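Q: Can you walk me through this one? I have the file open and would like to go feature by feature.

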Amino acid sequence: MLRRLRKVLAVISIVAVTLLFFDFTGTSRHLWGWMARIQFMPALLALNLAVLIGLLITTLLLGRVYCSVVCPLGILQDTINRISIRFSSRIKRKSGRFHYTPEHRTLRIIFLILFFAGIIAGMTSIAALIAPYSAYGRIISQLGIPVYDAANNVLADIAQANDSYAFYHVEQPAFNWPLFIVAIVTLAVVGIMAWLGGRTYCNTVCPVGTILGYISKFALLRPEINTDTCNNCGRCARNCKASCIDPKAHKIDYTRCVACFDCMENCSTGALTYRLRTKTESKPNDVKHVDASRRNFISMATILAGAAAASAEDKIVDGGLAPIAEKKAPTRKSPIAPPGARSVAHLRQHCTACQLCISACPNDVLRPSAELDSFMQPVVGYERGYCRPECTECSSICPDGAIHPITAAEKSSTSIGYAVVDADSCLSVSMGESCGNCARHCPAGAISMIEVTRNGKKRTMPYVNGYCIGCGACENLCPVRPLSAIHVEGREIHTTL
Amino acid sequence: MKNIKSRLNQKPIDRRDFLKLMGAGTGSAILAGCTRPEADNKHDSNNGITGEMTYRTNSSTGDKVSLLGYGCMRLPTSSNESARDSDIQIDQEAVNRSVDYALEHGVNYFDTSPAYCKGASEHAMGIALSRHPRDSYFIATKLSNFAPQTWSRERSIEMYRNSLRELQTDYIDYMLLHGIGMDGMEAYNGRYEDNGIRKFLEDERAAGHIRNLGFSYHGDIKVFDHLLALHDSGEAHWDFVQIQLNYVDWLHAKEINPRNTNAKYLYNELDKRGISVVIMEPLLGGRLASIADGLAAQMKERRPDDSIASWAFRYAGSPERVLTVLSGMTYMEHLQDNLHTYSPLDPVTDDELAFLNRITTLMLEYPTVPCTDCKYCMPCPYGLDIPAIFAHYNKCLNEGRVATDSRDPKYAKARREFLIGYDRSVPKLRQASHCINCGACLSHCPQGIQIPNQLSRIDRYVEQLKQTPS
């Protein structure tokens, strides 16, 4: 009964969270975006006390049910475990394939310390490497979304052929080798551990599992073995994917029990029950939470190389399309954080690198960083699109408080960067074109074309006033390729105009 | 409606003039009435082609030319798309099939140019046509020396000789000075007079390498008048002239494009002189084949079995001085539909003419961009797909999918379909937002469209849609 309830909730939970990543239309995010917010790591980084207290109370009442029905990585491991049972021998399938192992406490503590050290040092992205929700986001966004988008595009092709607008094409995220490899490694490590040892990852590596594990030691309700009815068959232990039941001692390691209720289902004598605790345990282990400190992000300042200007081809015949070179990302002195992030440092410290904002961005502006200090966290780039004035998707979905909710009106007066003109490559200056595409498309009206005299010639040139919000429309729509003649430099701390 | 009636009342002479030109309008309608039931019997067995192709006689050489002329500017490509991307190849098999089918059903006039299909049209037509006896068809091609670097005598003659090579022939039946009037007198003089190319082509005609010499006209009327003046004075002799004629351009050319001249004037000037007329843009760049739904329904009510395009073809083929009507047929369906229309021609009646005038008036109230998809503006140096942008906008207008008021109950659907369709028809990088207003396209547009202004108008509309969800 309890086990079935756990399974139903788990399926709903993983499907809903996964849909948050897949749904590029944004509908699901408005309906159940909260499901990402109740994840432990995002709530911790957002200092979302309501969720943290809720999780604490739930764990103190019911044990680590979080790990069984909320955590998508935990549910993924259960799924892999289930598949692996299908492939194991008949005997193992019948009698169970696990056995009791003592806790690797040292390893657990080391990983926990590494995790907090990462956060304290401002290397949240490194800490996120072992955080379960981030790991799941990584797997889905790097391995799941490309497949999902490809399937969608097939449907869009069919819709287009039938003159329907039910499906539309989406652009595949840009492929990035390091991130892809990290996702593959994550899936492989978690997958192999789950295939061979059930919840080994959760009970050895996962910092959230460790924290909740030591809290759940004091849980009000928990499975207990009634030594009077127990016939010492050991079936419970052989079916415990957390390997936490010591059948000989009739003891359960509650720091590792994820409240999956498999043991109760497998007990033929009904000796195992989920009930109010009867015995008291030893003293609690304190888990400290320390605020992260700010860190400066100053990368090497590089001088922008003069970009080659597009030159008009001689028209001889009708038809055909001129080739368009891909835009290259300029070397920015300071990275750009999306509106709502408030500052680059704030984003770095609070982001769990779950990839949700990146998969939500409809304009292809956010992408995972490949830099070490912000690995997998979102960075802003305008090569494929720009931060459109009406869009607030990333801020409405971020579960960590790394990108705070922001309205379109607030966004229009929040400066996340400022545009810089490279006069040498600007078509208006260098070739005397009457381009002005940046000025025409600036949603803030911050760019005007002024008259200048360059090398004795009268030319126009974009002038950026103080109302620039750094949205990147100018950079994205600048005809100069591969490096735009106007580009955005990030503001380390966002300003309000 | 008041507007239409007053217009009809004001200009009854135009209609009568037109009827006179095309001969016994009502008579042929009765004849058509008689042949129709028989036509229906044959309909299934022969793809709707009901009888023999209508032929017209060239007053200059006596050629019997099929009223349907095969335009070779939109040849099919292997990707089953119109030839836009540079890497797409012409589907030679499909070209061969269409050419065989056309010849088999009486089409004998094939119109190409060194500029068409990014220069590949002549080559493909040479392959397809050389498989048939040379005296079973007429080849029309042009001296398309648009680019100033090809204005020199040597380059122009080389272009002409190359046409002969590509077309695998030693004579051209119909040779045209291409697009005179574009860029005015200066360009005409540069291309054909100062370098002696007109004289050269006349010598080639005298030598028998060119059987008919003529010109195609777009734009500045001064050049058209000048060339006819040369004809009158005996300094030149034009065997035929190619003009843009359709039921909109007959009297409303200026409303579509301020640089153009009414087809009525052009046709009458040529008719007076007994010069055969070849018709281009009978569909106004396809726009008369996909008119607004409400107007199309009216056409279907009158002639349920006929396509919307067939009205425009019957109109263009009706005047007697018309030698042939060119249609750029990409697919077999186009060819079959046009064969159906012209085998034989059922000329438009008095009543239908009035009806088409009403349709025209209504059409002009829709602010579509008068792009004919000729692609002369392409390639845009900044990579925009100009004709595709205009085609999408026009299509949405015609199908009622343009809404500006977000309180309109249809707004959400119209917005979604416009934006999704826009990304489908035009890759993001080639959309209107990337136009930098350089104006390189302006002088190439035979329709005189203010392309950068129109692109900017469409871009503003797209931006408004994006920023205003319903």
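Q: Start with the hairpin of S8(A) and S9(A): what phi does Asn455(A) take there?
A: Asn455(A) has a positive phi near 50 degrees, in a hairpin with 2 residues between the strands. Keep in mind that this is a predicted model.

Q: How many bridges join those two strands, and do they run parallel or antiparallel?
A: Strand S8 (residues 447–454) and strand S9 (residues 457–464) of chain A are antiparallel and are joined by 8 bridges.

Q: Which residue is the bridge partner of Ser448(A)?
A: That is Tyr463(A), in S9(A).

Q: What holds paired strands together in general?
A: Backbone hydrogen bonds, in either a parallel or an antiparallel arrangement.

Q: Staying in chain A, what about the phi of Asp163(A)?
A: Asp163(A) has phi near 60 degrees, which is positive although the residue is not glycine. Asp163(A) sits in the loop between helix H11 (132–161) and helix H12 (177–197) of chain A.

Q: Where are there cis peptide bonds?
A: One joins Arg481(A) to Pro482(A), with omega about -5 degrees. Another joins Ser343(B) to Pro344(B), with omega about -10 degrees.

Q: And where do those prolines lie?
A: Pro482(A) is in the loop between helix H23 (473–477) and strand S10 (486–496) of chain A. Pro344(B) is in the loop between helix H14 (332–342) and helix H15 (350–364) of chain B.

Q: Switching to chain B. Which strands make up the barrel?
A: The closed barrel has 8 strands, in the order S3-S4-S5-S6-S7-S8-S9-S10 of chain B, and the pairing is parallel. From one strand to the next the twist averages 30 degrees.

Q: Give me one pair in detail. How many bridges are there between S3 and S4 of chain B?
A: Strand S3 (residues 68–71) and strand S4 (residues 109–111) of chain B pair in parallel over 3 bridges. In that pairing, Gly69(B) has Tyr109(B) of S4(B) as its bridge partner.

Q: Which strands does helix H8 of chain B lie across?
A: Helix H8 (residues 197–206) of chain B lies across strand S5 (138–143), strand S6 (172–180) and strand S7 (210–217) of that chain. The angle between H8(B) and S7(B) is about 145 degrees.

Q: Now the interface. How many residues does the contact take from each chain?
A: Chain B gives 44 residues and chain A gives 39 residues.

Q: What area is buried between them?
A: About 3,600 Å², with 53% of that area from carbon and sulfur atoms. Tyr382(B), Arg424(B) and Ile436(B) supply 20% of what chain B buries against chain A, more than any other three residues.

Q: How many salt bridges and polar contacts are there between the chains?
A: There is 1 salt bridge between chain B and chain A. Arg388(A) forms it with Glu463(B), and the closest N and O atoms are 2.8 Å apart.

Q: Which elements give two or more residues to the chain B side?
A: Helix H17 (411–425) and helix H18 (451–467) of chain B. H17(B) gives the largest share, 5 residues.

Q: And what is that side made of, by class?
A: The side of chain B that touches chain A has 19 nonpolar, 10 polar and 15 charged residues.

Conventions:
Residues are numbered from 1 along each chain as its sequence is written. Chains are lettered from A and ligands numbered from 1 in the order in which they are written. This is a predicted model: local features need pLDDT of at least 70, side-chain atom pairs count only at pLDDT 80 or more; totals for chains, interfaces and linings use all residues. Side-chain values use heavy atoms; hydrogens and water are left out. Contact means heavy atoms within 4.5 Å. Buried area is the accessible area (1.4 Å probe) that two parts lose on being put together, summed over both. A salt bridge is a side-chain nitrogen of Lys or Arg within 4 Å of a carboxyl oxygen of Asp or Glu. Helices (H or I, at least four residues) and strands (E, at least two) are DSSP runs, numbered from the N terminus. Ala, Val, Leu, Ile, Met, Phe, Trp, Tyr, Cys and Pro count as nonpolar, Asp, Glu, Lys and Arg as charged, and the others, Gly among them, as polar. Two strands pair if DSSP finds at least two bridges between them. Axes are lines fitted to C-alpha atoms, for helices over the stretch in contact, and angles run from 0 to 180 degrees between N-to-C directions.
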